[in-house]
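Subject: Structure handover and charge contacts

Hi,

Here is the structure for you to open. My notes on its charged side chains follow below.

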Amino acid sequence: MSNIPSKEEILKWISENPTLGAKRDIAKAFGIKGAARIDLKRVLRELEDEGHLEKRKKTYRDPDRLPPVSVLQVNGPGKDGDLTARPLEWQGETAEPVVHLVPRASDPALGAGDRILARVTLIEGGTDYEGRLIRRIGHNPKRILGIYRAGAEGGRLVPIDKGADLEWMVPPGAAQGAKDGELVEAEQAGPKSRMGLPKARIIDRLGDPSAPKAVSLIAIHQHGIPDAFPDEVIAEADRAKPAGLKGREDLRDLPFVTIDPSDARDHDDACYAHPDEDPKNPGGHVLWVAIADVAHYVRPGSELDREARKRGNSTYFPDRVVPMLPDRLSGDLCSLHEGVARPSIAVRMRLDFEGTKIGHSFHRAMIRSVASLHYEEAQQAMDGTPSERAAPLLDDVIKPLFAAYEALKHARSVRQPLDLALPERKIELSDEGEVASVKFRDRLDAHKLVEEFMVLANVAAAETLVAKKSPLLFRVHEEPPVEKLESLRDTAQSAGFTLAKGQVILTRHLNALLNAAAGSDHAELINMSTLRSMTQAYYAPKNFGHFGLALKNYAHFTSPIRRYSDLIVHRSLVAAHGWGDDGLTGDQIDELDAVAGHISETERRSMTAERDTTDRYLAAYLSERVGGEFSGRISGVARFGAFVRLDETGADGLIPIRSLGAEYFHFDKKGATLMGSDSGRIIQPGLRVTVKLSEAVPVTGGLLLELLSIDGEAVEPVAPSGRRRHGGGGGRGRPGGGPKRKLVKAKRKSDKVKRKVKRQGR
């Protein structure tokens with residue numbers, strides 16, 4: 001054993017020599033011969049069991065590093081035009097790395113969906129990789145959603161995606177009967193050519209793109225969200241029967257209530273609180289949170305389970321919801337309707353007088369909600385004007401809930417989770433599906449009460465499963481990267497504020513910045529900049545904590561009707577407590593990595609679809625006010641112009657750089673500013689502006705703006721020709737006296753941006 005290297009030495013050698021992972025290579029490197037090879041084999045097996053190594057055929061490799069030759073799927077070009085790709089066989093416990101493709105002149109043109117074999121190398125000092133193409137091994141036809149324009153010989157497809165910059169040619173016979181102006185879905189026909197427009201064939205006709213009901217339909221098709229349940233899934237849901245009391249605690253006498261939006265489509269959580277009668281906990285509270293027992297109905301390996309996993313989550317639009325589960329479950333058997341007995345998994349939590357959780361227990365139970373309240377109704381009751389339904393519940397149900405919340409507010413102030421003040425828009429539609437109004441939602445104590453209760457229940461679920469060493473999916477939110485914090489620090493400094501430096505950043509430091517900016521003209525800028533500095537939360541079977549909530553153990557438990565992650569946590573609780581045969585199975589445990597990656601992606605897909613739909617509704621709402629003036633604030637800058645968030649609706653629009661004023665502007669990427677070459681005027685986030693709405697394109701959600709004034713100071717307009725009114729010259733980056741061809745080139749580039757915005761929006 002004396003000549004056997006340590007585990008650390010073996011891991012270091014494999015990491016440094018990824019192409020030499022066979023046992024004989026390792027033995028040769030360390031001079032291990034004869035019987036000592038048996039000891040080496042034992043050490044390698046231990047490293048496998050501990051998860052440090054993965055054995056593929058007869059070769060060992062570090063699962064947290066990509067093999068030197070990997071199969072990748074191309075993501076498509078980023079904002080700067082660079083291609084990235086994702087590894088298709090990532091097995092690591094850390095976040096999936098990004099591979100930055102390094103093209104060569106001889107490489108074929110690659111597009112989103114291409115599968116390639118590439119040689120990858122880790123970028124020094126980072127977690128991402130560089131990749132060089134070996135060969136293309138497969139291609140998934142690119143899907144395009146757009147407006148069909150008929151022509152004499154075939155037609156054209158104008159994509160509605162904001163990021164698209166090319167039209168597609170639809171050859172004769174590939175239009176499937178589409179009519180001019182129809183919204184269609186198409187796919188790429190054949191490989192892209194370096195010359196001419198790419199070709200597409202139409203595969204689905206979606207009708208009039210201006211119809212109100214088409215807005216969310218566009219997002220559903222554009223992002224590939226499954227919106228129709230297969231027949232076998234519906235049949236399985238229809239066979240489901242209401243759960244009985246057998247094997248459950250009977251909590252139907254406890255006066256649980258649900259508190260949801262007035263237009264809630266499902267009710268998956270209910271709560272109840274009362275003073276703690278234990279004399280050892282004076283001033284304490286007992287808080288119950290009951291969650292619909294979806295695991296009882298959606299069994300591992302069933303058709304319902306496969307479809308729920310595929311969808312990952314429900315997706316919500318102003319006019320419809322694309323649910324994770326069929327309505328028989330989401331709107332009926334799993335929904336905690338008023339006055340109906342429903343199966344649930346309930347957690348009983350004890351709080352001290354300061355809101356600290358001092359104990360909790362989980363129960364598989366049967367409950368009966370005594371009322372389905374909406375937020376405004378609960379708040380009005382607490383404020384002294386209860387509705388007829390809420391009045392009988394005021395003293396024994398509603399007031400104890402708010403008392404428990406007051407205690408939790410104290411605990412929250414001690415914990416100091418990130419406290420962003422970002423108003424939420426609510427789009428209200430008429431019966432015809434058109435936008436009737438755009439409002440900002442009120443943030444009532446009733447909203448915060450439910451949020452705090454749900455966070456605490458999620459913590460309890462994570463802590464229980466960690467203590468029982470049961471597999472689960474954590475909700476992970478990692479610390480913000482250093483470079484983004486530096487950018488936030490620069491933004492804060494330019495606005496006259498400071499962010500602590502030279503120490504580990506905690507949420508309380510960020511809250512101090514947010515509080516300092518509150519009520520000032522820079523409050524929205526600081527809140528948005530802080531949000532942009534954050535990493536994106538995701539799901540993982542390994543716990544990395546939740547930075548934003550300032551919590552060590554956190555998992556999603558409270559919404560199993562609409563999130564598959566919560567269903568996994570429910571199944572883990574079932575297995576950990578031995579409540580039945582519908583808990584987490586061994587096969588599911590083995591797949592947790594893959595499930596985590598998939599549902600993190602479906603969550604991002606839904607968020608993007610919901611945001612795009614909001615943009616389109618806002619553009620439709622504002623399209624009748626083209627030519628009107630609006631106040632707003634610069635929310636971001638780019639090389640091609642400045643983005644403005646309008647005060648009235650929260651909609652974002654673009655001022656193309658040619659419309660910023662009668663001069664040329666230089667872009668400073670690091671400082672996130674545009675500076676006028678003659679006046680020295682600086683355009684940066686946070687500035688108050690008045691703009692005119694030049695164009696609104698509902699089909700893309702794009703708004704085109706013209707700058708009228710900055711901080712009350714009028715800006716000289718650009719002449720219709722696009723030239724400056726006062727002579728001079730200079731292109732971007734070349735102030736004063738540039739040659740005429742430079743001016744023409746600058747104008748053409750600016751005009752191209754405007755045409756692009758008109759067609760696709762921001």
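Arg389 is partly exposed, at 34% relative accessibility. Here buried means under 20% relative accessible area, exposed means over 50%, and partly exposed lies in between (1.4 Å probe, protein chains only).

Before the rest, the ground rules. This is a predicted model: local features need pLDDT of at least 70, side-chain atom pairs count only at pLDDT 80 or more, and totals for chains, interfaces and linings use all residues. Residues are numbered from 1 along each chain as its sequence is written, and side-chain values use heavy atoms, with hydrogens and water left out.

Salt bridges

The search of the whole structure gives 39 salt bridges. A salt bridge is a side-chain nitrogen of Lys or Arg within 4 Å of a carboxyl oxygen of Asp or Glu.

Arg389 pairs with Glu338 in one of them, at 3.3 Å from N to O. Glu338 sits in the loop between helix 7 (327-333) and strand 19 (341-351), and Arg389 in the loop between helix 8 (375-382) and helix 9 (394-415), so the bridge ties together parts that are 51 residues apart in sequence. Helices (H or I, at least four residues) and strands (E, at least two) are DSSP runs, numbered from the N terminus. Glu338 is partly exposed too, with 37% relative accessible area.

Next, Glu307 and Arg311. Their closest N and O atoms are 2.9 Å apart, and they form a salt bridge. Both belong to helix 6 (residues 303-311); they are 4 residues apart, which means about one helical turn between them. Are they buried or exposed? Glu307 is buried, at 6% relative accessible area. Arg311 is buried as well, at 2%.

Arg681 is partly exposed, at 22% relative accessible area. Glu713 counts as exposed, at 52%.

A network

Which residues are linked in a network of salt bridges? They are Arg248, Asp293, Arg364 and Asp582. Take Asp293 from that group. Asp293 lies in the loop between strand 16 (285-292) and helix 6. Asp293 is buried, with a relative accessible area of 1%. Its side chain makes a polar contact with the side chain of Arg364, at 2.8 Å. A polar contact is a pair of N or O atoms within 3.5 Å; within protein, one must be able to donate a hydrogen and the other to accept it, and residues adjacent in sequence count only if both atoms are side-chain atoms.

Two backbone notes

Gln176 is not a glycine, yet its phi is positive, about 55 degrees. Gln176 is in the loop between strand 10 (168-170) and strand 11 (183-188). Gln176 is exposed, at 52% relative accessibility.

Gln416 also has a positive phi, near 60 degrees, and is a residue other than glycine. Gln416 is in the loop between helix 9 and strand 22. At 29% relative accessibility, Gln416 is partly exposed.

Best wishes
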